[in-house]
Amino acid sequence: MPETQQLQPHIMANGANSSLGPVSERTVLRPHQIRWLRIVLYIIFGNCGQVSATLLTRLYYAKGGTSKWVGTLVQVVGFPILLPYYFISQRKGITPTGTADVETKPSSLLLLFCVYIYLGLLMAGNGYLFSVGLEYLPVSTVALISASQLAFNAFFSYFLNSQKLTPFIINSLVLLTISSILLVANNNYERPPGVSDGKYVIGFICTIFGTATNGLSLASQQLAFRKVLKKQSLKVVMDLVIYESLVASIATSIGFLASGEWKGVKREMEGYALGNTSYVMILVWTAVAWQVAIFCGVALVFELSALFANVIAAVGLPIAPITAMLFFHDKMSVIKGIAMVLAVWGFLSYVYQQYLDDRDLNAETKNGSEISET
């Protein structure tokens with residue numbers, strides 16, 4: 001009996017350990033799986049939002065919309081739908097997975113104010129330039145030109161963030177540049193009805209500058225995180241998105257009122273080809289679609305990195321020409337097909353370089369941790 005009593009706790013302990021083993025494994029694996037499920041959903045909804053917003057903006061112009069400032073305003077004014085998640089996350093104290101806030105000396109309010117003003121004005125200018133492009137160019141052409149965003153981002157990051165221009169990055173720059181040049185040669189083959197040669201050129205130039213502005217904005221955000229904000233918590237990322245969107249909304253509203261286009265909105269709505277209700281709903285859902293894309297981009301920054309969010313945003317660019325063929329009957333000429341292949345090739349070259357950089361960074365981190373343990 002004494003032996004039995006002595007053995008019984010031992011057996012119970014072994015049983016507890018054996019039962020805890022699978023449970024602990026399940027508690028480790030399940031959150032990891034759920035996290036990657038969230039990431040996949042962010043990728044899907046982010047690309048859907050990006051493509052939907054582009055198509056809806058083009059639909060606005062195709063059916064009678066003429067205000068460039070309205071097309072710009074819907075790109076930036078929908079940020080209040082992010083506020084509920086912002087406040088909920090602050091109450092729950094959510095922090096990025098696998099990261100920890102490092103105590104650093106906070107930047108001055110004046111410097112933060114200047115950063116938000118600068119990024120907000122870039123956002124407003126980028127939105128206006130793309131509105132002009134979507135008014136005068138087919139969706140497929142705008143999407144293919146937008147593929148050069150990665151090239152511009154690499155170019156500006158070279159000066160602002162000391163990014164190395166490796167052979168793969170240079171290859172990406174060359175391919176995306178050739179892709180844009182081919183689209184210029186395609187200007188006589190396809191353009192929206194009623195668009196003259198001059199307007200087509202204006203739309204092309206504005207889209208190029210809009211893409212460059214977006215690349216500059218992304219590089220500037222990276223610089224702001226590194227030099228001014230100094231950490232990448234959810235609060236910092238959401239602050240950046242909300243405040244820059246607020247500045248962009250104010251700047252766009254001032255331009256909208258100063259241009260006098262607000263006087264013709266009622267007349268434009270009454271003469272809209274799809275009716276008054278469709279006019280309002282298209283603008284509302286365009287604003288929602290842009291914010292879905294922005295929110296998912298922020299969520300990917302939160303879960304992984306800003307670079308990953310930028311690359312995933314570029315993944316949706318080839319989808320837009322295909323959907324434009326279905327909904328707007330855009331023609332896919334041989335030249336445009338070659339431009340798409342070159343754009344995808346340049347994109348893959350850029351992604352492969354980032355893969356090499358991440359692999360080297362992980363190897364350095366692993367070696368550093370092994371040295372610290374020894």
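Predicted model: local features only at pLDDT ≥ 70, side-chain atom pairs only at ≥ 80, totals over all residues.

Student: Is T286 buried or exposed?

Tutor: Look at its relative accessibility. Buried means under 20%. T286 has 2%, so it counts as buried.

Student: What does the side chain of T286 reach?

Tutor: The backbone oxygen of I282, at 2.5 Å. Here is the general idea. An α-helix has 3.6 residues a turn, so residues three or four places apart point the same way.

Student: Which residues does T286 contact, leaving aside its neighbours within four places in sequence?

Tutor: A53, L56, T57 and V74.

Student: Now helix α2. How many residues of α2 are buried?

Tutor: 9 of the 9, so α2 is largely enclosed by the rest of the structure. The buried residues include W69, V70, L73 and V76. K68 is on that list too.

Student: K68 is a lysine. What does K68 pair with?

Tutor: General idea first. Side chains of opposite charge can pair when their charged atoms come close. Here K68 forms a salt bridge with E135. The closest N and O atoms are 3.3 Å apart. E135 lies in helix α4 (residues 109-136) and K68 in helix α2 (residues 68-76), so the pair ties together parts that are 67 residues apart in sequence.

Student: Are the two partners buried or exposed?

Tutor: K68 is buried, with a relative accessible area of 17%. E135 is buried as well, with 14%.

Student: How many salt bridges are counted here?

Tutor: The count comes to 1.

Student: Let's turn to nonpolar residues. What should I look for?

Tutor: In soluble globular proteins, nonpolar side chains tend to be buried together. In this model, the largest nonpolar core has 23 residues. Y60, V70, L137, V142, Y272, Y279 and L283 touch the most other members.

Student: Which helices supply at least two residues each to this core?

Tutor: α1 (2-62), α2, α4, α5 (139-146), α8 (197-229) and α11 (276-303). Among these, α4 gives the most, with 5 residues.

Student: Take Y272 from the core. What is Y272 in contact with, leaving aside its neighbours within four places in sequence?

Tutor: L59, Y60, K63, G64, G65, Y279 and I282. Y60 and Y279 are named with Y272 among the core members that touch the most others.

Student: Which helices each supply at least two residues of the patch?

Tutor: α6 (149-160) and α7 (167-185). α6 gives the most, with 4 residues.

Student: Where is L165?

Tutor: In the loop between α6 and α7. At 33% relative accessibility, L165 counts as partly exposed.

Student: Last, the whole chain. How many helices and strands does the protein chain have?

Tutor: 14 helices and 0 strands.

Student: How much of the chain is buried?

Tutor: Buried residues make up 44% of the 374 residues. The chain exposes about 20000 Å², and carbon and sulfur atoms supply 68% of that area.

Student: What share of the contacts joins residues 24 or more positions apart?

Tutor: 86%, among contacts with a separation of 6 or more.

Terms used: Residues numbered from 1 in each chain as written. Heavy atoms only, no water. Buried < 20%, exposed > 50% of the residue type's maximum accessible area, 1.4 Å probe, protein only. Salt bridge = Lys/Arg side-chain N within 4 Å of Asp/Glu carboxyl O. Core = buried A, V, L, I, M, F, W, Y, C linked by side-chain atoms within 4.5 Å. Contact = heavy atoms within 4.5 Å. Areas by Shrake-Rupley, 256 points an atom, 1.4 Å probe, with all protein chains shown as cover. Polar contact = N/O pair within 3.5 Å; in protein donor to acceptor, adjacent residues only side chain to side chain.
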